[in-house]
Amino acid sequence: MSTNTKKSKSSEETLEKLRAFINEKGGIVKKEEFAALDVDYRKILEFVETGTLVRIKNGYYTDRIDRFSEEELIARLFPDARLCMESALYAYGYIREKPYGWHLAVDKNTSKSRFKMDYPKVIPYYTEPEALELGSTTIEQNGLMFQIYDKERMICDCLKYEAKLDRAIFREAVQSYIRDNDKDISMLMEYARARKVTGKVQSLIGVWL
C-alpha cells in the first residue's frame, strides 16, 4: 500500500470517528470536546477547509449544516439568551413578517465572539444581569423551548428602544398589544417603571385603554 493510500485511509477513518462523535453529541460539538478523541486539531481544520466538517461559529462544529433548522441552532447555541424585540414580537404573533436575524437579550458580560456567525444571523442586546431576568418566561416553537420575555416586558423594551425598530413594525406591535385580550396592564406599568418608559406607556398605550 502506497504512502498516499495509507494517508487517505487514515484520513477517512479519522473523519468517520469524528462524525460518529458528533452524532453521539446530538449534532454539535465544542472544540474542547474533540480532545476526548485524541485527534490533532489541525486535522479538524483540514476537514473544515475541504467542507467535510462545518464550523457553525467559533469553537462549534457539525458534520453538515442542513441537519439543523435556524430554530434548532439558536436553541442549541444560545440556551441562556431570551428572545426579544422583533423575535419576541414574531413569536407572540404581534407582527406578521418574520424578522431578519434573531434578536436575543444576553448578559452584557458574555463574550461578544459568541455571536460572530454567518448563519443564522444573531443580533444581540447586551443587558444588565438583573434586567435580563425581568419578565423572563418560556415559549415553545416548533417543538423547541426558548426563553423569551413576557408580553408586557417585550412591549416596554420596544418602547425603550423605539429608535431601533422600523416605524411600521413599531406601530403594528403597539396596536397588537392594545388588541390583546390577555394583556396585564398592572404588570405593564410595573415593568414600565423598571424600564423607565412610564411616560411612553401612558401616552402611546394608556389613551387606548
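**View A. Buried residues of helix 6 in the predicted model.**
Lys151, Glu152, Arg153, Met154, Ile155, Cys156, Asp157, Cys158 and Leu159 are the buried residues of helix 6.

**View B. Packing of helix 6 against helix 7.**
Two packed helices are described by the angle between their axes and the distance between the axes. Here the partner of helix 6 is helix 7, residues 167-179. The angle is about 150°, and the axes lie 11 Å apart. The crossing is left-handed. Helix 6 contributes Lys151, Glu152, Ile155, Cys158 and Leu159 to the contact. Helix 7 contributes Phe170, Ala173 and Tyr177. By class, these contact residues comprise 6 nonpolar and 2 charged, with no polar ones. An α-helix has 3.6 residues a turn, so residues three or four places apart point the same way.

**View C. Cys84 and Cys158, two cysteines without a bond.**
A disulfide is a covalent bond between the sulfur atoms of two cysteines. The model contains 0 disulfides. Cys84 is in none, and its nearest cysteine sulfur belongs to Cys158, 8.6 Å away. Seen from Cys158, the closest cysteine sulfur is that of Cys84; at 8.6 Å, the pair is too far apart for a bond, because a disulfide requires sulfur atoms within 2.5 Å. Both residues are buried: Cys84 has a relative accessible area of 3%, and Cys158 has 1%. Cys158 also takes part in the contact of helix 6 with helix 7.

**View D. Backbone at Met85 and Lys196.**
Most residues other than glycine have a negative phi, and most peptide bonds are trans. Met85 is not a glycine, yet its phi is positive, about 45°. Met85 belongs to helix 4, residues 85-91. Its relative accessible area is 1%, so Met85 counts as buried. Lys196, also not a glycine, has a positive phi of about 60°. Lys196 sits in the loop between helix 8 (185-195) and helix 9 (198-205). Is Lys196 buried or exposed? Lys196 is exposed, at 71% relative accessibility.

Pro120 lies in a loop. That loop joins strand 5 (102-107) and strand 6 (122-127).

Conventions:
Residues are numbered from 1 along each chain as its sequence is written. This is a predicted model: local features need pLDDT of at least 70, side-chain atom pairs count only at pLDDT 80 or more; totals for chains, interfaces and linings use all residues. Side-chain values use heavy atoms; hydrogens and water are left out. Buried means under 20% relative accessible area, exposed over 50%, partly exposed in between (1.4 Å probe, protein chains only). Helices (H or I, at least four residues) and strands (E, at least two) are DSSP runs, numbered from the N terminus. Axes are lines fitted to C-alpha atoms, for helices over the stretch in contact, and angles run from 0 to 180 degrees between N-to-C directions. A crossing is left-handed if the near helix is turned anticlockwise from the far one by less than a right angle, and right-handed if clockwise. Contact means heavy atoms within 4.5 Å. Ala, Val, Leu, Ile, Met, Phe, Trp, Tyr, Cys and Pro count as nonpolar, Asp, Glu, Lys and Arg as charged, and the others, Gly among them, as polar.
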